[in-house]
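Morning, everyone. I have one structure to walk through today. Please have the sequence and the model open.

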Amino acid sequence: MNPYVQYMYSYPHKTAYRPLEGVDLQEYVELLAGKSHGLYLHVPFCQGKCGYCNLFSVTGQSGEDMERYLDAVERQSRQYGKLLKPYGSEFSEFTIGGGTPLLLSEKQLGRMFALVKDCFVLEERAEIGIETAPNQTNRGKLELLKREGVSRVSMGIQSFSDEELRTLRRGHRAKRAREALQMLMSVGFSCVNVDFIYGIPGQTVDSLQVSLKEAAGFGVDEIFLYPLYVKHGAGLVREGVVPDPEYAYLQYREMSEYLRSEGFRQDSMRRFVRVKRNGRQGGKRPFSECGFGTSLALGCGGRSYMGSLHFCTPYAVTQETCLAQIRDFETRDDFLQVSHGMLLSEEEMRRRYVIRHLLIRPGIAPGRYEALFHSSVWEDFPALRDWMSAGWLEESAGIVQEQHEEGWTNGKPECFLTLTEEGMGLSDYLGPMLVSEAVWGKMKEWEAVYEPGGGFIPGKSEKL
Ligand code: SF4
């Protein structure tokens, strides 16, 4: 069995999105009324394309190119801001992802924060997060982030071995990663998290442990441990690099146990959170609804979730296809017409809910599922019973987090269906089993038409 079928970080996957007609954001904007929404800004620029990357990003762009992109983000933000004003929308989370957002100059970063704060209302205790990479991390930019109220910084380190970094075609070296992480830790953000990869050809259990031990030694708050995937037009596909799933799984089992023994709580297959005895991160992760959150994306390549409407610019991976999308985005003045995405049926909403909750602790609360969908999760997803029998799923008691005007509090205990340790290690095998045939069909269709091309080109390849 290959435990690495598909990373289910959201559902449905963007490759299942298709052109939409006659969908106007104004008809959905009410869903963004009031508090607790997410705001996401995608900065699709990187210094170089990593060999495994299948994210929406381009390389080799000048300061002027990035300025032109920010001009379009500004037009979009002003239009969205005007639209949201009558609804009193407030955002509890603002995330800047990429790409490598810190590739922007300090001036451009300042412009971006000023723009967002001018057009949108961030809640008083909003979590502001940003992604960075070692080569783009310097003290001036980190201090700017601190002044702007950033609370979470996420750095892609991937390995502290130069040989493994070279295999990944990653642009930085271990020495630079150490310096950048040291600098990051010294600025005093509430949460610093670092990403590492396992399953790299040539990497061993021991060399992975050396990297993780070093990261933990810096005092980071969270470690994300990703299996190496090589798909969807990534550079390593063309080089014929094929990870060994069996060895990767062995590395996962050894290292998840290692991190737990070092005082990290495992919230999902990838996420390990350092348990702080007197801090806000306790021993158990409380439950919070994550199937229906509304999130608005700015820029090109990020996706918005508004009830049953999910939308995004068409999925693209390669330099040519991503750049074509960016150039198209930069010509636009009207961002209210939604032209690409998916309108989820009730059945797909149920699947999304179960996938989103199952793969993160404490899991699914059958009682809450029933209250939301007026149906039994056992009847809708008979596979869950088989997974209980196989020892991948178990019943457990957990805490439901409830939202109030002043924030979140722990509510009443509830019965959950929680992945066992073994089940959690199989997240990328079990999650895909919950994907509908219709969505799988669309994902496969995308791969057949666009692999290895890597995406749509506006006006050129609108086949799907
Ligand atoms: S993995 Fe991250 S840093 Fe590397 S090319 Fe992709 S978006 Fe850029």
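Gln266 sits in strand S10, residues 264-266. Helices here are DSSP runs of H or I with at least four residues, strands are runs of E with at least two, and both are numbered from the N terminus. This is a predicted model, where local features need pLDDT of at least 70, side-chain atom pairs count only at pLDDT 80 or more, and totals for chains, interfaces and linings use all residues. Residues are numbered from 1 along each chain as its sequence is written, and side-chain values use heavy atoms, with hydrogens and water left out.

Is Gln266 buried or exposed? Buried, because its relative accessible area is 5%. The cut-offs: buried is under 20% relative accessible area, exposed is over 50%, partly exposed is in between, with a 1.4 Å probe and protein chains only. A polar atom of the Gln266 side chain lies 3.1 Å from the backbone oxygen of Ser268. Leaving aside neighbours within four places in sequence, Gln266 is in contact with Tyr252, Ser256, Arg260, Arg271, Phe272, Arg361 and Met424. Contact means heavy atoms within 4.5 Å.

One of those partners, Arg361, is joined to Pro362 by a cis peptide bond, with omega about 5°. Pro362 lies in the loop between helix H10 (346-358) and helix H11 (366-373).

Now the domains. The protein chain is divided into domain 1 (14-274) and domain 2 (346-433). Those bounds come from an automatic or database domain assignment. The domain centres, taken over C-alpha atoms, are 26 Å apart. Across the boundary, 13 residues of domain 1 are in contact with 13 residues of domain 2. Together the two domains bury about 1,000 Å², with 43% of it on carbon and sulfur atoms. In domain 1, Tyr249, Asp267 and Met269 lose the most area to domain 2, together 37% of what that side buries. Buried area is the accessible area (1.4 Å probe) that two parts lose on being put together, summed over both.

Take Tyr249. It is found in helix H8. Tyr249 counts as buried because its relative accessible area is 15%. Beyond four places in sequence, Tyr249 is in contact with Pro3, Tyr4, Glu422, Gly425 and Leu426.

Helix H8 covers residues 245-261 and also holds Gln251. Gln251 is buried, with a relative accessible area of 0%. A polar atom of its side chain lies 3.3 Å from the backbone oxygen of Thr204. Not counting residues up to four places away, Gln251 touches Tyr198, Gly199, Gln203, Thr204, Val205 and Leu208.

Next, His310, in strand S14 (residues 309-311). Its relative accessibility is 1%, so it counts as buried. Its contacts include Tyr11 and Pro12. The peptide bond from Tyr11 to Pro12 is cis, with omega near -10°.

Gln158 has a positive phi of about 75° although it is not a glycine. Gln158 is in strand S7, residues 152-158, and is buried at 6% relative accessibility. His374 also has a positive phi, near 55°. His374 is exposed, at 72% relative accessibility.

Last, the ligand. Which classes make up the shell around the ligand? It has 5 nonpolar, 4 polar and 2 charged residues. Ala, Val, Leu, Ile, Met, Phe, Trp, Tyr, Cys and Pro count as nonpolar, Asp, Glu, Lys and Arg as charged, and the others, Gly among them, as polar. The residues around the ligand include Cys46, Lys49, Cys50, Cys53 and Arg170. To be listed, a residue needs a heavy atom within 4 Å of the molecule.

How values were computed
Polar contact = N/O pair within 3.5 Å; in protein donor to acceptor, adjacent residues only side chain to side chain.
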